[in-house]
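Welcome, and thanks for taking a look at this one. Here is a short briefing to read alongside the viewer.

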Amino acid sequence: MKSDWRSHVPKLEELARKNGLDWSRVIFEAVPDSFMTEIAVYGLPVRMPHWSFGARYIYQLLQRHMGYSRLFEVVFPGDPGRAYLAQSNGLADNVLVTAHVLGHADFSKNNMLFRRCQDQGSTQIIEHAAGHARQIERDIEAHGFNAVEQVLDAALSLEQHVDLDQSLRREHYPEYMPDKAQPPDDAFRARFATLDQGQEVAPQMRKQRAPLPPHPERDLLWFIATYAPDMESWERDIFLAVRDESFYFYPVFATQIMNEGWASYWHARLLREADFIPEEVYLDAIKCHSDVVRPVASGEQVALSINPYHLGFTLWEDIVKKSGVEAARRVMREDDDCSFVRNYLTREIAEEMGLFRFQRQQNGPIKVVAADVDELHESLLLDKYNFGAPRVSVAEVKNDGTMILQHDTQLDGRGLDAERALRVLEYIKRVWRRPVILKTVDANAKSVEFSSENPGGASS
Amino acid sequence: MSADSSKGEPDALSGWYDLFSRGSRDWLRHNEKIREAVRAHLPQIVSGGDIISDGSRTVRVPVRMLEHYRFRLLNTGEGQGVGQGKAKPGDVLGQANPQSGPGQKGAGGKDKGGIELMLEFKVDDVIDWLWEELKLPNLQPKSGATEESEWKREGWDRRGARSRLDRRRSLKESVKRRALDEDSPAFTDEDLRYRQLTRRRQPALRAAVFFLLDVSGSMSDRDRQLAKTFFFWVAAGLRREYKALDIVFVAHTTEAWEFSEPDFFKVTGSGGTVASVGLAKVREIMEERFDPSACNVYLFYASDGDNASDDRAPAGAELERIAKAARYSGYAEITAGVRSAPSETTLLFQAVAGAGLPCSQFSIAGPDDVAHAVRHFFTVESAADKAGAAP
């Protein structure tokens with residue numbers, strides 16, 4: 001009897017290829033559960049040290065001990081991709097997980113968001129991140145633990161504040177304003193220039209320095225790394241290393257529902273078609289599948305959350321049923337979670353899944369509220385915008401080096417949590433080394449200003 | 001089901017993965033940071049301390065997980081989200097958890113605000129921090145007339161008891177010798193070095209502290225708790241300085257009794273306050289058991305200050321006699337608020353301090369003041385040291 005899941009991998013791969021899946025080579029590896037926990041906490045097998053990961057680690061351990069979460073696999077996109085399988089997985093689990101991993105690998109090779117971030121960054125994110133971690137270890141040796149931790153405090157707290165529309169390796173801003181004195185190159189000018197004028201007409205315009213930044217800049221990690229007045233070069237490198245990793249994390253974050261749904265769709269389908277799998281293994285695998293894509297609430301139950309695997313899986317099944325695999329592949333290439341949910345979560349599916357919108361007041365009741373499907377979409381996607389972070393941009397750097405941050409309260413609809421904002425300003429100030437001011441609004445929509453120089457509170 | 005998945009696979013690497021312990025490493029760093037944070041809030045720890053008589057005990061402090069701050073939207077106390085199951089508009093699905101904000105909804109399980117840890121701190125450590133943080137000068141104990149002799153390690157010799165062989169030093173000698181002559185044996189008797197002991201005479205560092213507590217009817221449980229906390233930290237602080245510290249517990253109302261420590265804090269009395277009785281008892285015990293010339297005597301008195309007014313003269317006389325013999329006398333007034341006029345007992349201590357004797361008073365209105373009181377007494381005390389040392 002073949003008890004080793006590895007023997008099924010080539011056959012599953014062949015089946016996947018026949019079904020049109022297209023992926024870069026994936027290296028499978030079974031690792032201890034403790035290592036799986038660490039991957040889940042750090043997001044990467046080897047990553048820079050920081051105490052905040054320690055807090056998450058304990059949380060994750062507690063969850064595991066209480067049996068809340070079980071990790072079967074983690075996949076890292078790239079060429080080759082890497083899949084880590086928990087050693088505690090059974091044979092059936094691993095057959096399912098292998099198929100699941102192929103779905104992820106197909107997704108990350110073809111989805112445009114993933115591709116863009118991989119083109120910019122690296123197809124070897126694991127090695128890349130390990131390189132950052134090693135560099136930071138060296139920094140710790142050279143500059144001391146506290147100095148490095150201080151930089152990481154600031155950089156990691158701004159992890160989400162990157163601009164994915166910009167290139168990973170950005171150019172500096174132009175130093176001078178575009179020269180408006182340069183006349184447009186047209187026929188009239190050409191003719192005019194030939195006339196004898198007797199004197200100089202065009203006044204000598206002096207080059208004007210461009211303001212910093214020339215436009216509101218939401219790539220805070222890049223901006224600070226590039227324009228901080230007094231930052232050491234190793235500190236800038238840490239900021240850029242964190243930014244590098246954010247470019248990797250963004251597509252993972254922004255396509256979670258699609259990506260997990262896609263992988264679940266394919267593991268279910270490949271398993272159905274895999275006639276080479278022994279029956280008892282198949283049954284166990286299907287049981288495992290239904291655990292993974294199970295709705296949080298079944299029967300008469302009600303839950304205040306949804307299972308993204310279940311949502312994604314349901315949507316993909318529907319798309320394939322209605323328009324076929326080719327259309328589904330196009331959606332997979334072009335969408336992210338926002339467009340995916342908005343375009344394909346229909347009224348009917350929402351009703352079938354029993355989705356509802358709820359509101360709660362502090363110390364008040366949690367109420368189910370009527371919501372049309374658009375409102376449902378927005379409710380679902382609320383945490384997805386802007387990498388899940390408030391929109392904060394650099395508005396201005398004053399002559400004395402003071403950096404003014406502006407929070408886009410219009411888009412976010414409300415202000416920022418004062419205490420946290422002040423703490424973040426403190427983190428930033430230690431690397432910016434000049435005052436940092438943040439403009440936002442308070443609970444009454446009045447504008448307020450937080451300053452790193454006044455850690456007590458706000459001034460309006 | 002989970003057993004044999006790893007069978008037969010090239011397993012050379014999996015042992016290597018077991019070596020990863022980044023999670024634990026960062027967790028230890030997290031805890032270290034918590035300790036730093038707690039250390040920054042010493043008055044709160046100090047106020048939570050329970051009276052403990054031996055120095056090895058610990059205080060337990062509940063702490064929350066540290067948060068790595070990020071920009072977050074204002075918590076308006078309202079939340080929303082998408083749920084799933086059998087529910088229709090208008091249904092009430094229970095009560096929102098007061099602690100959970102909008103950040104906790106949905107699949108986001110990142111909010112760890114709910115986890116509380118209990119950290120234990122050694123009392124000795126806390127005392128050390130307290131001294132550092134409060135910038136308390138170390139006391140200059142008065143040397144007593146009696147001396148103690150003690151064996152101390154001092155120097156090395158080529159002969160000695162086997163048990164005091166200093167291996168590191170012997171090895172050094174061997175290395176030195178072999179550097180000159182490579183062919184010589186690894187060790188010879190000439191290499192061996194033994195630690196030597198000598199007898200040192202040291203001034204005695206003895207102290208006795210009297211804790212005098214007013215247990216009259218006007219002292220509430222809260223007042224007593226504050227006094228207890230205050231005494232605890234004073235004792236811990238003195239213990240830092242003196243090898244041998246005798247603690248005497250005296251409680252008084254209109255009468256005075258000596259108690260053992262466990263009983264001391266359970267005593268409830270009734271009736272009025274006559275400070276002179278308590279002070280007289282302290283003086284008696286002091287004269288009986290402790291020779292002020294050989295022993296550093298401290299008195300700390302805790303009361304709400306409502307001494308009977310006709311007791312001022314006798315109490316003043318007693319206090320003066322104690323203050324002359326003692327190294328220092330302190331009075332901690334437990335008040336519920338700000339007094340408009342100084343209390344009877346405050347006046348008493350002020351009068352004696354005015355006469356140039358080492359004593360002072362401080363008022364404790366709430367738990368956070370305990371640390372300030374400790375600081376006050378120990379800085380004043382050491383200032384008295386300097387003043388005393390100058391002439």
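The notes below go from the contact between the chains to each chain on its own. Please keep in mind that this is a predicted model.

**Where chains A and B meet**
- On the chain A side, 77 residues take part in the contact, and chain B brings 58 residues to it.
- Several elements of chain B supply at least two residues each to the side that touches chain A: the helices α1 (14-18) and α2 (22-39), along with the strands β2 (78-85) and β3 (92-95).
- By residue class, that side of chain B holds 22 polar, 19 nonpolar and 17 charged residues.

**A strand pairing across the chains**

**Chain A by itself**
- The secondary structure of chain A comprises 18 helices and 11 strands.
- Its C-alpha trace extends about 95 × 60 × 55 Å along the principal axes.
- Of the 460 residues in chain A, 42% are buried.
- Among the contacts in chain A with a separation of 6 or more, 73% join residues 24 or more positions apart.

**Domains of chain B**
- Chain B has a domain 1 covering 147-203 and a domain 2 covering 206-389.
- Taken over C-alpha atoms, the centres of domain 1 and domain 2 of chain B are 51 Å apart.

How values were computed. Residues numbered from 1 in each chain as written. Chains lettered and ligands numbered in written order. Predicted model: local features only at pLDDT ≥ 70, side-chain atom pairs only at ≥ 80, totals over all residues. Contact = placed C-beta atoms within 7 Å. Helix = DSSP H or I, 4+ residues; strand = E, 2+ residues; numbered from the N terminus. Nonpolar A, V, L, I, M, F, W, Y, C, P; charged D, E, K, R; others polar. Buried ≥ 20, exposed ≤ 12 C-beta atoms within 10 Å, placed from the backbone. Domains from an automatic or database assignment.
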